[in-house]
Amino acid sequence: MHIYIHIPFCESKCPYCAFGSHSDKFNITKEYFKALVKEIKSIKFKDKISTIFIGGGTPSSVEAGLYDEIFEYLVPNLDINCEITSEANPNSANLNWLKYMRKLGVNRLSLGAQSFNENKLKFLGRIHDSKRVFKAIKDAKIAGFTNINVDIMYGTKLDTKALLSSEIQALNKLEITHISAYSLMLESKFSSKKSYQKDSPILAKYLINSLENIGFKQYEISNFGQICNHNLSYWRGDDYYGFGAYAVGTTGFKRYKGATNLRSYIDNPFKKSIEILNDENKRDERVFLGLRSCVGVDLLDLSLEMRQRAKILIEEKKLILENERIYNPNFLLADEIFLYLSQP
Ligand SMILES: C[S@@+](CC[C@H](N)C(=O)[O-])C[C@H]1O[C@@H](n2cnc3c(N)ncnc32)[C@H](O)[C@@H]1O
Ligand code: SF4
């Protein structure tokens, strides 16, 4: 069983970010956590919990003590090897917060660095500098974290080979276990910021190769290093609980999402919008996510037409066949391969 918990608060709102988060609602954090605890406690877990991901927003933007009641309830239901990740920002993940979360049971930290270049950090509207990232990682280790991820972003107008190479050099110094490298995406509401982007497959490939050269094996289009079991569960299409405003969860063919207005969530944390998926939706998702990751796709999951097209790609060595599953050796081509396989 997997759990996602959403914390919709951030110290400041980054101009590119479409995640559900607010920088002007810290006055209601206590009420929010009360609703969150109520929602979580309404579930009697039948299976042991194998992963928890506390994401956001910025989980470190609120005091660690607010998580007490959640952990008190979840701890008796945890699998012995439960992976518990919390996201954090370099400014707010101070030593006390990190120590407290580690003590509660968090054993994986995911720190949003985005860059180590001061110009790029300013360009992205981040409120920390690179020194702060180094300090947060150092503090995380002092607090006892050994499984640490750092998020970086690329595909911005400022990126060049030289700049990405300096990002790699900085990452190489950190002695961490995982790196997530996200290409800057701008959803429609940020279309006026399209000029922020630089879509360069050459730079993307350069970054991927460089990350692999410093020991971080790519296992999903944006993820490198020691596999995150929680993310793997999404790509495998496992069910998971999503707790909190904006949080998405799935059970079988039902996908639900919490209210996207914090007041509505606080008033009724059980009110969800529901999407019913059909066999084809589920299959397409498994194929799409499998092609973007090391999960791959079961040949039997493909329709007859898809299987015939997959055969052509296997012959052209664009897909690899192993034990009746197909694997994509170049995740950057996942979208094109999916479109080719699923054409009408
Ligand atoms: C949900 S955020 C939470 C992490 C934390 N609040 C932070 O920003 O440091 C997770 C990651 O998503 C990535 N991200 C956010 N907006 C993005 C965008 N528009 N395009 C690509 N990556 C994005 C960033 O790398 C960020 O660290
Ligand atoms: S701090 Fe993270 S979650 Fe918050 S606005 Fe920035 S990128 Fe989005």
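Contact here means heavy atoms within 4.5 Å. Helices (H or I, at least four residues) and strands (E, at least two) are DSSP runs, numbered from the N terminus. This is a predicted model, in which local features need pLDDT of at least 70 and side-chain atom pairs count only at pLDDT 80 or more, while totals for chains, interfaces and linings use all residues. Residues are numbered from 1 along each chain as its sequence is written, chains are lettered from A and ligands numbered from 1 in the order in which they are written, and side-chain values use heavy atoms, with hydrogens and water left out.

Two packed helices are described by the angle between their axes and the distance between the axes. For helix H10 (residues 279-291) and helix H12 (residues 334-341), the angle is about 145° and the axes are 9 Å apart. Axes are lines fitted to C-alpha atoms, for helices over the stretch in contact, and angles run from 0 to 180 degrees between N-to-C directions. From H10, Asp284, Val287, Phe288 and Leu291 meet Ala334, Asp335, Ile337, Phe338 and Leu341 of H12. By class, this contact of H10 with H12 has 7 nonpolar, no polar and 2 charged residues. Ala, Val, Leu, Ile, Met, Phe, Trp, Tyr, Cys and Pro count as nonpolar, Asp, Glu, Lys and Arg as charged, and the others, Gly among them, as polar.

The open sheet has 3 strands in the order E10-E11-E12, with antiparallel pairing; strands pair if DSSP finds at least two bridges between them. Strand E10 (248-251) and strand E12 (272-276) each have a single partner strand, so one side of each is left without a neighbour in the sheet.
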